[in-house]
Amino acid sequence: MAKQRRDLGTRLPASVRIPTIDVPDGRMLHLPGRGTTFITDTPGPADDAPAILLLHALSTTGRLSWFPSIDALSQRFRVITMDQRLHGRGIHTDSFTLQDCADDAAAVLDELGIDTAMIAGFSMGSLVAQLVWREHPNRVGGLVLCASADRLQSKFTERLVHQSVSASVLATRRRSLERRRDFDQIEPRNDIHRWALSEFRSTRPLAAAHALAAIGRHHSRPWIGEIDVPTAVVVPLRDRAIPPKRQREMAARIPGATLHEVDAGHACCVMNADAFVPVLTEATTTVLARWTENRSLGEAP
């Protein structure tokens, strides 16, 4: 699969250290009975390399959240990203639930002929990853939950902020739609920064509002302690969106989960990729070792 190598460091502030990165090409994938979404599928070091499916954050896309990580992960995995519904070139629909996103992820595995995969998610994607395990446990060999939680909006102030953000997103809908370009024609050919901005703008504000509401309803605490696959939790220590304390508490509820901390903020998967990617690599390697051990012992999945 062809890739475009771009140097991101030449036009960003010095405080943001992003290396030269490969951005993989992708393709549209039809999911029978569900719709069509955009995926990337980067080969691993061998034909039988384990697969990892990467689920992105709110208002981004598969490539935008994960392009700094794909090359490093492909040293051990077949790496797949997907645009979740109402995001980027994801499934067009009138509704959005995290449950539907989890079912979409399982459908992507079906269409790619992958029986079992590691599921990694960042922020919103980590909530979807939890639900992939909950609803499709036989498809999940391990979990990597980044900037995650098992419940949001537990305090009145958080609910107020959540509702205010939703209102702001809705208020900008008309202006954003008027400025929207033909997203399908924009690729990272010459200017990665223009591509990234276009990728971000490809999610309509109303869609983001629906997703934000779904995130606010997420509540996996009653069952997260039942997770029975190898799990790693990556905690950004300067996360202002989801307090690190809450992320650690969630990790403590998952049997055997390992904790991996990165000295960065909530957007570290891109904005502090030099700090995030090594920690993500460590987390996925830890989960893979335990997954491989389970398979050698004949345990499911």
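**Figure 1. Burial and overall make-up of the predicted model.** Of the 301 residues in the protein, 54% are buried (under 20% relative accessible area, with a 1.4 Å probe and protein chains only). The protein has 10 helices and 10 strands, taken as DSSP runs (H or I, at least four residues, for helices; E, at least two, for strands) numbered from the N terminus. This is a predicted model, in which local features need pLDDT of at least 70 and side-chain atom pairs count only at pLDDT 80 or more, while totals for chains, interfaces and linings use all residues. Residues are numbered from 1 along each chain as its sequence is written, and side-chain values use heavy atoms, with hydrogens and water left out.

**Figure 2. Packing of helix α1 (residues 62-73) on helix α10 (residues 273-296).** The axes lie 10 Å apart at an angle of about 45 degrees; axes are lines fitted to C-alpha atoms over the stretch in contact, and angles run from 0 to 180 degrees between N-to-C directions. From α1, Trp66, Pro68, Ser69, Ala72 and Leu73 meet α10 residues including Phe276, Leu280 and Thr284, where contact means heavy atoms within 4.5 Å.

**Figure 3. Packing of helix α2 (residues 98-111) on helix α3 (residues 124-135).** Here the axes come within 8 Å and cross at roughly 70 degrees. Helices α2 and α3 are therefore roughly perpendicular to each other. Among the residues in contact are Leu98, Cys101 and Asp103 of α2 and Met124, Leu131 and Glu135 of α3.

Methods:
Buried means under 20% relative accessible area, exposed over 50%, partly exposed in between (1.4 Å probe, protein chains only). Angles under 35 degrees count as roughly parallel, over 145 as roughly antiparallel, 65 to 115 as roughly perpendicular and the rest as oblique.
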